[in-house]
Amino acid sequence: MEKGAKFYITTPIYYVNARPHIGHAYTTIVCDVVARRQRMLGSDTFFLTGTDEHGQKIERSAAAAGKSPKQWTDAVAGEYRALWDRMGISYDGFIRTTDERHAEGVQQLFRQIRDNGYIYKGSYTGQYCVFDELYVDAPPGAPCPDCGRPTETISEENYYFKLSEFQDKLLKLYEDTPDFVWPETRRNEVIAFVRSGLKDLSISRTSVRWGIPVPDDPKHVLYVWFDADANYITAIGYGSDDSNLQKRFERYWPADVHMVGKEIVRFHAVYWPAFLMAAGLPLPKQVVVHGWLLFEQDKMSKSRGNIVRSETVLDVLGSDALRYFLLREVVFGQDGSFSFDALVQRYNADLANDLGNLSSRTLSMIARYFREQIPYPSPKASRTSGDDAIAELATEVIKSTNELFASYQFSRALENVWSLVSGVNKYIVENEPWQLGEHKDEASLARLATVLYTSAEALRIITALLHPVLPSATSRIWQQLGLGDIAKFPLNELKWGQLGLGTKLGKVEPVFPRAEKNAIERMQQAELERASAAASSAPAQSIPAGLGAKAGQPATQAAAATGTAEKSAAPVQGATQAAPAADGRISIDDFAKVELRVGQVKTAERVKGADKLLKLEVDIGSEVRTIVAGIAEKYSPEKIIGMKVVIVANLQPRKLRGIESNGMIVAASIGEKGLPVLASFLEDVPIGARLK
Ligand code: MSP
């Protein structure tokens, strides 16, 4: 990389319909790691993040909470920003699409594209998915192909973007710049999508008010994705009159990396470059696509009710632990699972044990035996091949780690650094410096100096390589090594032998205390409390099934066990929590408390002495529930096994004929006898899906 080059990296801007969870933190952390590394390599780096605040989805979330869109977006955008600050995310810009400057830039982009002849007026009658803010090419009643939710039919006058004119140009882009979309699997998907034919795209809405008005025709607001994608240029000054901002745009655009989750590739690798081509602007260099963070086998998301908040991990283990876990455990580009057990295990094994021990024993022995100064390694005569092997390993690790980071192989990069951590720990054990330190003869002292110098130099290299991933801990180790501000260290100059002899150490302290015994329980408990507080203050939040208690224990039961059940079941208060109206209608908040999920019947048997009852084992994705259901008159065990049913997942358990039933099956009750007819679906639905 050319020295002093610029580097511009972006996260997607996050929807403010819900509060941040660790899925959002994942993208932000990965970008932060890349940005920090680039700064250490000497690049003039600009790291942008922000919030996506317009559109129908946000409009509805605000209305459901009884707030104006402005009040709602201010609150959630504030939460995002405060969280990134607490996590030490080193962003240089935070854009909100409700910023005045952004609106001006978006309108400027529209004008530029319109003036170039790529926008025309038409009308759209068809399906729209509000959840994905996506036009769907399907018949009325069809579900969204992306998320499976019902689409809505809309019919309105629109401005259209001539996307169809960009099919060949886009295909040429993917051909000429093979790493425009990374990884290759996503690139292939994008190419297949574009080859299948591009239709013109509606880029304005008239039935939505919460958005940026179309220039010269304000009854239209711009399509939320047109508005959102443009953030990447408006945030750095596009469309601004301010000459400093214009210079910033010239300096940083085009972006080097747009980092996105796999569900929004099309908006970044197809629509966005087409908008830019139409405006005559340079294209971003790369769209880097990562997979999903799964929790309880499903994509972590608010609508599935299976989220974990970053704060929960920060409170118990700190931000470095979360960063390390996500980069080490998830193979970047693929889906990866989050669990509290795996998090604590990684923390204890890799950080508290391996790295923590290496740092504290090396530094405390130097403090003790060499008056807190880096010792002089002894002359050649007393060197061993073991000393040289560590130096060689470190040199190799520097090279390969840099290559792995540069090619987004974070997990392997960390594994690679850990080969050096383990190598040095083994070297220390084999050389027993604590024994050498007890013999006061010259030869032992000379040997001790070499062993501790070698260990400290390896620790320095490890610390520098890990800084982008573990910014807080490595800054402290670096200071303990007496080296000052690690962020200023030029990473591309890193090599063996730079540790200054006689350098005075800083105050030596442990950096990774072992996780407390109850760390997992504390995090589960915190998550449960947050979820139930959210359920009673925001719409469409749910209590995550399986949290707060071990598998098999339903959420309500867990809540009762932790004393929070009353909170979530308490009478509703405040503007958003109206009590049932006089006509018996309930608020959306009341409905949101009912957790309806898709389950599949795994086993079924009649309950002895009860003609109407079946005892069922029902798989609801996160766990298998025992449910006793009064459906035996209509459904035989043979008939019901394998069926997908709708269950109320957060009912308090109840004993029926001595069997504890955890949930209820939803059925219509027909005729005088009230015979049950089970609720079912026209399309196949995944097990565990939430009904809303
Ligand atoms: N607002 C749009 C993006 C507009 S960018 C011009 C949007 N917002 S979002 O809040 O729904 O999601 C944004 C990003 O959050 C995803 O692309 C992804 O990077 C990240 N994630 C949200 N949930 C996630 C997981 N469960 N796992 C990994 N990343 C996830 O889409």
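Angles between axes are classed as follows: under 35 degrees counts as roughly parallel, over 145 as roughly antiparallel, 65 to 115 as roughly perpendicular, and the rest as oblique. The axes themselves are lines fitted to C-alpha atoms, for helices over the stretch in contact, and the angles run from 0 to 180 degrees between N-to-C directions. Helices (H or I, at least four residues) and strands (E, at least two) are DSSP runs, numbered from the N terminus.

The model is predicted, and local features need pLDDT of at least 70, side-chain atom pairs count only at pLDDT 80 or more, and totals for chains, interfaces and linings use all residues. Residues are numbered from 1 along each chain as its sequence is written, and side-chain values use heavy atoms, with hydrogens and water left out.

Select helix H1 (residues 22–40) together with helix H12 (residues 319–329); their axes come within 10 Å and cross at roughly 90 degrees. H1 and H12 are therefore roughly perpendicular to each other. Which residues of H1 and H12 meet? From H1 come Ile22, Tyr26, Ile29, Asp32, Val33 and Arg36, and from H12 come Leu322, Arg323, Leu326 and Leu327; contact here means heavy atoms within 4.5 Å. The contact of H1 with H12 comprises 7 nonpolar, no polar and 3 charged residues. For these classes, Ala, Val, Leu, Ile, Met, Phe, Trp, Tyr, Cys and Pro count as nonpolar, Asp, Glu, Lys and Arg as charged, and the others, Gly among them, as polar.

Next, select helix H2 (residues 56–64) and helix H3 (residues 69–86), whose axes come within 8 Å and cross at roughly 100 degrees. This makes H2 roughly perpendicular to H3. Display the side chains of Ile58, Ser61 and Ala62 in H2 and of Pro69, Trp72 and Thr73 in H3, which make the contact. By class, 4 of the residues in the contact of H2 with H3 are nonpolar, 2 are polar and none is charged.

**Second stop: strands E5, E6 and E7**

Select strand E5 (119–129) and strand E7 (residues 152–161); E5 and E7 pair in the antiparallel sense over 10 bridges. Two strands pair if DSSP finds at least two bridges between them. Thr125 stands opposite Ser155 in E7. Tyr128 has Tyr135 of E6 as its bridge partner. The hairpin of E5 and E6 has 4 residues between the strands, and Glu133 takes a positive phi near 45 degrees there.

**Third stop: a pocket and a cavity**

Rolling a probe the size of a water molecule over the atoms shows where empty space is left. On a 1 Å grid over the protein atoms alone, a cavity is a set of points where a 1.4 Å probe fits but cannot get out, and a pocket is an open set with protein on both sides within 12 Å along at least five of seven lines; lining residues have an atom within 4 Å of a point. Grid points are joined across faces, edges and corners, and a volume is the space filled by probe spheres set on the points.

The second largest pocket has a volume of about 510 Å³. Select Tyr135, Val136, Asp137, Lys199 and Tyr271, which are the closest to its centre of the 23 lining residues. E5 gives the largest share of this lining, 4 residues. The lining of the second largest pocket has 13 nonpolar, 6 polar and 4 charged residues.

How many cavities of 30 Å³ or more does the structure hold? There is 1. Of its 13 lining residues, Gly55, Arg205, Val208, Leu222 and Val224 are the closest to the centre.

Select strands E10, E12 and E11, which form an open antiparallel sheet in the order E10-E12-E11. Its edge strands are E10 (204–205) and E11 (213–214), each pairing on one side only. Arg205 stands opposite Val221 in E12.

Finally, select strand E19 (residues 614–619), which pairs in the antiparallel sense with strand E18 (residues 596–606) over 6 bridges. E19 also forms a hairpin with E20, with 4 residues between them, and Gly621 in the turn has a positive phi of about 90 degrees.
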